[in-house]
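Please examine the sequence and the three-dimensional structure shown below.

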Amino acid sequence: QVQLVESGGGLVQAGDSLRLSCAASGNIPSDAVMGWYRRAPGKQRELVADITSRGNTNYADSVKGRFTISRDNAKNTVFLQMNSLKAEDTAVYSCAADVRIRGVSRGKYWGQGTQVTVSS
């Protein structure tokens with residue numbers, strides 16, 4: 001059984017930092033692309049950042065230069081370091097493991113999400 005468990009969310013002030021963690025367990029392929037997504041109230045879920053098993057990263061334009069995604073393959077954990085947080089970063093952040101075959105997504109496993117609230 002696959003499990004993704006996020007932690008590290010909370011209430012912070014604008015300009016503060018937070019570090020999210022996602023611990024993965026179960027039968028997740030080692031080459032799965034790990035990503036962080038977020039859903040703000042009244043908005044669609046969006047990709048924040050993802051990272052391949054080789055460490056290649058991809059970021060949403062809105063977080064470039066402020067957020068950093070990393071992964072520890074040995075511990076099956078992915079992190080999202082969020083600096084210079086803004087009120088518009090307020091959302092539920094979810095971790096996902098994207099199983100790909102020959103570069104094509106075959107589906108994602110999702111965590112339950114963690115709330116990040118940034119007060120201005």
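S84 is placed in the loop between β8 (77-82) and β9. Strands such as these, like helices, are DSSP runs numbered from the N terminus, where a helix (H or I) needs at least four residues and a strand (E) at least two. The model is a predicted one, in which local features need pLDDT of at least 70 and side-chain atom pairs count only at pLDDT 80 or more, while totals for chains, interfaces and linings use all residues. Residues are numbered from 1 along each chain as its sequence is written, and side-chain values use heavy atoms, with hydrogens and water left out.

Although S84 is not a glycine, its phi is positive, at about 50°. Most residues other than glycine have a negative phi. S84 is partly exposed, with a relative accessible area of 41%. In this report, buried means under 20% relative accessible area, exposed means over 50%, and partly exposed lies in between (1.4 Å probe, protein chains only).

R102 also has a positive phi without being a glycine, with a value near 55°. R102 belongs to the loop between β9 and β10 (104-110). The relative accessible area of R102 is 86%, and the residue is exposed.

## The disulfide

Which residues does the disulfide join? C22 is linked to C95, with a distance of 2.1 Å from S to S. A disulfide is identified here as a pair of cysteine sulfur atoms within 2.5 Å, and the structure holds one.

C22 lies in strand β3 (residues 18-25) and C95 in strand β9 (residues 91-101), so the pair ties together parts that are 73 residues apart in sequence. The link of C22 and C95 is left-handed, with -80° about the S-S bond. Both C22 and C95 are buried.

## Surroundings of individual residues

L4 is part of strand β1 (residues 3-7). Is L4 buried or exposed? L4 is buried, with a relative accessible area of 5%. Contact means heavy atoms within 4.5 Å. Leaving aside neighbours within four places in sequence, L4 is in contact with several residues, including C22 and C95, as well as A24, I28, M34, Y109, W110 and Q112.

A24 is found in strand β3 and is buried, with a relative accessible area of 15%. Apart from neighbours within four places in sequence, A24 is in contact with Q3, L4 and N76.

Q112 is located in the loop between β10 and β11 (114-119). Q112 is exposed, with a relative accessible area of 53%. When residues up to four places away in sequence are not counted, Q112 touches L4, V5 and E6.

N56 lies in the loop between β5 (46-51) and β6 (57-59). Not counting residues up to four places away in sequence, N56 touches D50 and I51.

| Pair | Separation in sequence | C-alpha distance |
|---|---|---|
| A24 and N56 | 32 residues | 19 Å |
| N56 and L80 | 24 residues | 14 Å |
| Q112 and R45 | 67 residues | 14 Å |
| L4 and G103 | 99 residues | 22 Å |

## The protein as a whole

The secondary structure comprises zero helices and eleven strands. Along its principal axes, the C-alpha trace spans about 40 × 30 × 25 Å.

How does the radius of gyration, which is taken over C-alpha atoms, relate to a rule for globules? The rule is 2.2 Å times the number of residues to the power 0.38. With 120 residues, a compact globule would have a radius of gyration near 14 Å, and the protein agrees with this at 14 Å.

Buried residues make up 41% of the 120 residues. Among contacts with a separation of 6 or more, 52% are between residues 24 or more positions apart. The protein exposes about 6,700 Å², of which carbon and sulfur atoms supply 44%; accessible areas come from the Shrake-Rupley method with a 1.4 Å probe, and for residues only the protein chains shown count as cover.
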